[in-house]
Every structure is written in C-alpha cells, then in structure tokens.
Amino acid sequence: MSLSYMFVFFFVGVFFGSIWHKIGKHLPNNEKILKKERCSHCGYQFPWYEKIPLLSYFACSGRCSMCNARLDSLKMINEVFTGLLFTFSYAIFGFSYELFIALGIVSLLMIVVVSDLTYFIIPDEVLISFNLYFILLIFFNEGLKAMFLHIGGGIFLFVVMYLIMLFGNSIFQRESLGGGDIKMMFTFGLILGPIVGLFSIFISSIIALPISLFFMYTKKESIIPFGPFLLLSLALLYFIQLDSITLLQII
Ligand SMILES: [Zn+2]
C-alpha cells in the first residue's frame, strides 16, 4: 500500500462521487443523467471549468460565479465522502478482488444516500447494474459454481425478507419495509451469504434507531429512509470480512 495510490484513489473516488450524485439525483426523476448543470437560483449554465468535481466548488468558494448564490453543498459532501471511502477501501484491501467488491458497495451506498433521502426511491436500474457487476466479479474470481451459490444466497434472502414484509404488513396494516429495501436483499445475500445477510439487517436497525429517533424529535420527520442504513451495515460487515462460521460461533 502506498501513499501516492491513496491519493489516486481519493481523486478517482471524488470523480465517481460526482457521477453517483448525478445518478441518484436525476435517475429517479427520469431526467437525463448528463443534464446541463445550472445554478438553481439564476439559471446560469456552468462552463466545463466550473464543473470539475470538488476543485470548482472551492475555487468558486461554494457560490455561483454569476449571481453569488450558494451552490448545493450536498454534491461536494458526496464527492468528498466517496473519495474517502474509496481511499479507505484501498487501505483495507490493497489491490485485490475484495477491493472491487468494496468499491461497488461504497458506490451503491453513495447513490442510494442521494436517491433514498431525496425521493424515497432506490432505482431498479441501479440495483440491476450493481448486481450484474458483483455477479461478474464473483464469476471471474471464484468460477461458475460459486457464482450460482452466491446467486442462490441472494434469492434465498430476498424471498425470506419478502415473506417477513408480507407478514409485517398484515400485522401493522401498513408498509413496514420499502420495496427498494426488499429488492436490495438480493445484493446482501449475494455478497454476504444468507446468514451474515440476515445479521446485517439486524445491525442496520441498531444503526438506524438512534438516528431515526433524533430526526423524529428534532425535525418531526415521521418516515426515515432505511436504504442508506442497510448499505452502511453491508459495507461495515464486508469491511470486517465477517463470515457465517465466525458469526455463528459469536452468537
Ligand atoms: Zn446563479
């Protein structure tokens, strides 16, 4: 692991972060992902040199160069976080198969943070693309048989959570888990296997509880999207490489 590579991963992450932000923001609205970027205040269309991820934001001090209105800082925050998580993934795994899975999880997290927090939607196109990416990685690294085992794990977890959702809906008489969250269970079983996958749902509830309570009391929000918490726990359990045997021994 080298320091110069860590810098490279940070800037590659920043670049991808700006793409993931665009996808999360425009795809659920059926807008063009490469839509021309304009100032939301005066409509000024930014030239290319004012659209460079991260750098332009600081060069313009976070303001529109035409009308001086504040620019959307969420985009910049998303870029910085993606950069940091890419660097962290490289620091943990080095150049390896696991690194590419980790980069995929982190990227999915950054898209879902934007789309789920803004629209309460996890776009199908995003889930399908990332699932294909993971399946291809597993196939090239572990072969055809392992690939089918992983896919089986994904289907199993999806079906189990789907049944739990139907059961929950009939008891509480309201939607207990979103459709996007249930579809995402396939990805969890695919990557973590069904046992650690189930455990990750438990972990995400623990992460989500204090944060949801905080938002319910301070901002009076009654619905908090669960997708980002699920992906956060997927990332966490993947980074510590928890396998089902170790998990069963701990429990
Ligand atoms: Zn402006």
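Student: Okay, how do the elements run from the N terminus on?
Tutor: They go α-α-α-α-α-α-α-α-α. That makes nine helices and zero strands. Keep in mind that this is a predicted model.

Student: How many of the contacts join residues at least 24 apart?
Tutor: Taking contacts between residues at least 6 apart in sequence, 72% join residues at least 24 apart.

Student: Switching to domains. Where are the bounds?
Tutor: Domain 1 covers 1-95 and domain 2 covers 97-251. Their centres, taken over C-alpha atoms, are 25 Å apart. Domain 1 puts 20 residues into the contact and domain 2 puts in 17 residues.

Student: Which helices supply the domain 1 side?
Tutor: Helix 1 and helix 3 each give at least two residues to the side that touches domain 2.

Student: Now the largest nonpolar core. Which residues touch the most other members?
Tutor: I105, V106, L109 and L234, out of 45 residues in that core. Two or more residues come from each of helix 1, helix 3, helix 4, helix 5 (124-142), helix 6 (144-172), helix 7 (179-218) and helix 8 (227-239).

Student: Pick I105. What does it touch?
Tutor: Leaving out residues up to four places away in sequence, I105 touches L231, L234, A235 and Y238.

Student: Let's do helix 1. How far does it reach?
Tutor: Helix 1 takes in residues 3-26, so to speak 24 residues, and it reaches 35 Å from first C-alpha to last, close to the 34 Å expected at 1.5 Å a residue.

Student: Which of its residues are buried in helix 1?
Tutor: The buried ones are F9, F10, G13, V14, F16, G17, W20, H21, K22, G24 and K25. They pack against helix 3 (73-93) and helix 4.

Student: Does a pattern go with that, or what should I recall about which way residues point in an α-helix?
Tutor: With 3.6 residues a turn, residues three or four places apart point the same way.

Student: What about the span of helix 4?
Tutor: Helix 4 (residues 97-119) has 23 residues, which should span 33 Å at 1.5 Å a residue, and its end C-alpha atoms are 33 Å apart, so that agrees. After helix 4 comes F120, with a positive phi near 60°.

Student: And helix 6? What span should it have?
Tutor: Its 29 residues should span 42 Å, and the end C-alpha atoms of helix 6 are 42 Å apart, which agrees. Its buried residues are G153, G154, L157, F158 and M161, and they pack against helix 7.

Student: Speaking of helix 7, is D181 buried or exposed?
Tutor: D181, which has its place in helix 7, is buried, with 22 other C-beta atoms within 10 Å. Setting aside neighbours within four places in sequence, D181 is in contact with F226, G227 and L230. The C-alpha atoms of D181 and P225 are separated by 9.2 Å, although the two are 44 residues apart along the chain.

Student: Last topic, phi. What's the value for S61?
Tutor: Near 55°, a positive value in a residue other than glycine. S61 is in the loop between helix 2 (55-59) and helix 3. It counts as exposed, with 10 C-beta neighbours inside 10 Å.

Student: Where does N68 lie, then?
Tutor: N68 is in the loop between helix 2 and helix 3. Its phi is positive, near 70°, and N68 is a residue other than glycine. With 12 C-beta neighbours inside 10 Å, N68 counts as exposed.

Note on methods
Residues numbered from 1 in each chain as written. Predicted model: local features only at pLDDT ≥ 70, side-chain atom pairs only at ≥ 80, totals over all residues. Helix = DSSP H or I, 4+ residues; strand = E, 2+ residues; numbered from the N terminus. Expected span 1.5 Å × (residues − 1). Buried ≥ 20, exposed ≤ 12 C-beta atoms within 10 Å, placed from the backbone. Contact = placed C-beta atoms within 7 Å. Domains from an automatic or database assignment. Core = buried A, V, L, I, M, F, W, Y, C linked by C-beta atoms within 7 Å.
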